[in-house]
Amino acid sequence: MKIEFIKTICPYCGCGCGLILEVADGVIVKTRPDRDHPVSKGHLCMKGWNAHEFVHHPERLTSPLLKGKNGFQKISWDDAITLAMEKFQAAADTYGPDAVAGLSSARCSNEENYLFQKLIRAGFHTNNVDHCARLCHGPTAAAMARAFGSGAMTNSIDDLAGADCIIMFGSNAAETHPIIMGQIYKACANNAALIVVDPRTTEPAKNADFHLPVNFGADIPLINGMMRHILDCGLEDRSFISQRTQDFEVMKKELASWPMERAAQISGIAPETIAKAAECYARAKNASIVFCMGLTQHSCGTANVHAVCNLAMLCGQLGRPFCGINPLRGQNNVQGACDMGALPDFLPGYQSVTTPGVRSKFQAAWGSSLSATPGLTVTEMTASAGKTVRALYIMGENPMMSDPDIHHVKKRLGKLDFLMVQDIFLTETARLADLVLPGACFAEKTGTFTNTERRVQVLRKAVSPPGEALDDFSILCRMGNGLGLDFNYKNPGEVMDELAGLTPIYGGITFSRLASHGLQWPCPSQDHPGTPYLHKQTFSRGRGLFVVPDYNPPREMPDPDYPFALVTGRMFCHYHTGTMTRRSRTLCQESATPFVQIHPQDAQVFGILQDDSVRVSTRRGSIVLFAMLTEDVRPGSLFVPFHFAEAPANALTHEALDPVSKIPEFKACAARLEKEKNVDKQDS
C-alpha cells in the first residue's frame, strides 16, 4: 500500500488553516493538522479535522450532464463545451454582451477565479461577474475601500492575541472561525478586555467583559453613542485625527445629534454600559475590532462598517500591530475571489473597470476589448434573469440555498434561456440547470487560496477527481479556447505569473515564494516580504475618511401578524449551504436535523417543548423545524441556521438590499411561530 502525506489548505472558513491529507492508494483516509502552519499552528476545528469525508462521497458528479425530457443524460466533454459556447454566444449575439452573466466561486482557487472573470470579460465583453462576497462582506469592501482605500482585514490573525481590548461586532467566531477565536481567548488570558456586541448570547458573549445585546439593526446608534461619549470625555486621539484623517468636523457635527439618551433608547443598551465600553476601547493601548455578518448583512450594512471605521480612526487604532479593523471572511477563498476581480466593478487587484488606463492595460494583455460599464451584482443578476440576462454560468455557487427569498430565485432562474452549473455535487441550483459540468474539490487541484488575513497559500493536489470530472482550471481553459481566447496555460503557476504582472498588490507573488508559509499582500515585488498590517504611515487612499453613517432601522420589523424577529446564521459543525459538510458522516452525527432556537418564555406561550415540530413563517414562505429551547436568544426572536436544504432558512428571508453594496438583509425580518403536529426527530 502506498501512503502519501500532502500538505494543503482547509476548504472551509476564511482562517486558511493548514491540513495534511493522508492518502492511501489514491484515497484520502485521514486529515491531520499541520503543526508548522503559521495560522493554525497544529490546531483544527471539527470541520477541519473531517475535511476529507465528503471528497469520495458516492454522490459526487462524475460526467457532464445535459437535461432532456427524461431528466439528465451523460454527454461528452467535447459536446458539453461546444454546447455551452454556442448557447452563451447566441445569447450575446441576439441580446447583446450583457445578456451573459457569471457567478464565480469563493471555494475555487485564485487562478480559477482569475480565469473565470477573464472568460466573462474578455470572452463576452461584459462585467456581469460576481460571487458570494456580495452576500457576506460586500459592505466591508465598499465601506473600508472608501474610508481607507482597501477593503481587506487590516491586521494579522496573530495580532489579536496581543490586543489590550477587542470588540466583536456580530461575530460568533467560536463557531464560525474557531482558530481565530483561539487568538482572541489568548488575549483575554493576558487580561485583554473583550466586548461583544450581539443580540444573541453566543459563547463569546458568555465569556465577555461586556456583552452588549444590541437591538436588531441598531449598531450605528450604539457606535455613535460610544463616539459621542469618547469626545465628551476627551479620549479621542487628536494627533492621529489631525495628521491622518479628513472630514472629522463633519462627523463631529453629526455626533452632536447623538446624545447618550438617544443612543441608549434605540440600541437598547444602558447608558452606563455604552460609556464603560467606549472608555475601555478608547483607553486601550492596542484595541482591535472584529466583525462578521451580524454587522454586514443588513440593509444599512455599508453604513454599519463606516461606523466601525469611524470609531477606529477616532481612537487612532489603525496602522500598528495588535489593533485595526478585522472583518472575518466566511469562506476559504472569498478574499481571493475578490482579489481576482470576481466583482462587477473591479478588475483584479481592485482596479476599477471605469478607469481608462486600467482597462487599456488589461486589454493589451488579454487581446480583447473590455466594457467600461460596471456589471450586475449577484442579487441584480437574479432579478434580471429572463429579462436582460438570458444565459448564466454558475461555478461553485448555490444561490438556491444562499440567496434571499429562494422561491423568487427559483422562479427567476427558470426564466433563463440557458443555465449552466459547474460543481462537485448536484446541488439545489444544479438541479435547475440545462447543463451541469463536474468540477473538482480542494483536494483534487493545485492552486492558491487567500485567507482572511490576506495570506496567499498553496493548495496541493492529493487525489484525482472522480470519473470524468475535471479540475475547474482545466474546464475554464477549455471554455476560453472554445471562445477563441488564448487560454493555453500549462499550469496554475502561469496564471499567477500573469496576474502578478497586472496586479500590483500581487506583483511579487509566485508559486515558488509561497512554498512554505505563503505571503500576505500587498507584496509588490519579488524581494518584498509581504505585509502583516496595512496603513502603517498612511492610508491606501492617503488620509482616512470619516463618513457619516445614515442610520435606518431594518426594513421589516415585527408586527401583530409576524411578532418575532428572525435571524439566520451558521453553526459550529456545518458550513454555508451544506454542500460539503452535510455529506460528512462525522459532522452529520453532530447535527443532522434543522432547528430553530426559541426562548423558553416564548415556547411556553405556544405550548412548545424541546424537539417539538414547529413552523416558522414569514411573508415569503414557511418551513418546519425542530424546536431548540435556549436563553441564548432573547424573547421575541428566533434563530435559524441556513445549512439545511429540507428547511431552507432563505425561504423566509426577504430581498431588502443595502443601497450601496446590494447585500440582502439576512439578519432581520418579521416571522411568526406555530406548533406543528410532532414528527419523530430521528425519522426526519
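**Note on a predicted model**

1. Ile3 lies in strand 1 (residues 3-9); strands (E, at least two residues) and helices (H or I, at least four) are DSSP runs numbered from the N terminus. Ile3 counts as partly exposed because its relative accessibility is 37%, where buried means under 20%, exposed over 50% and partly exposed in between (1.4 Å probe, protein chains only).

2. The model is predicted: local features need pLDDT of at least 70, side-chain atom pairs count only at pLDDT 80 or more, and totals for chains, interfaces and linings use all residues. Residues are numbered from 1 along each chain as its sequence is written, and side-chain values use heavy atoms, with hydrogens and water left out.

3. Helix 2 covers residues 77-95, 19 residues in number, and reaches 27 Å from first C-alpha to last, close to the expected 27 Å (1.5 Å times one less than the number of residues). Among the buried residues of helix 2 are Trp77, Ala80, Ile81, Ala84, Met85 and Phe88. An α-helix has 3.6 residues a turn, so residues three or four places apart point the same way. Just after helix 2, Gly96 has a positive phi of about 105°.

4. Thr427 sits in the loop between strand 17 (418-423) and strand 18 (435-438). Thr427 counts as buried because its relative accessibility is 2%. The side chain of Thr427 reaches the backbone nitrogen of Ala430 at 3.0 Å. Leaving out residues up to four places away in sequence, Thr427 touches Asn398 and Thr579 (contact means heavy atoms within 4.5 Å).

Methods: A polar contact is a pair of N or O atoms within 3.5 Å; within protein, one must be able to donate a hydrogen and the other to accept it, and residues adjacent in sequence count only if both atoms are side-chain atoms.
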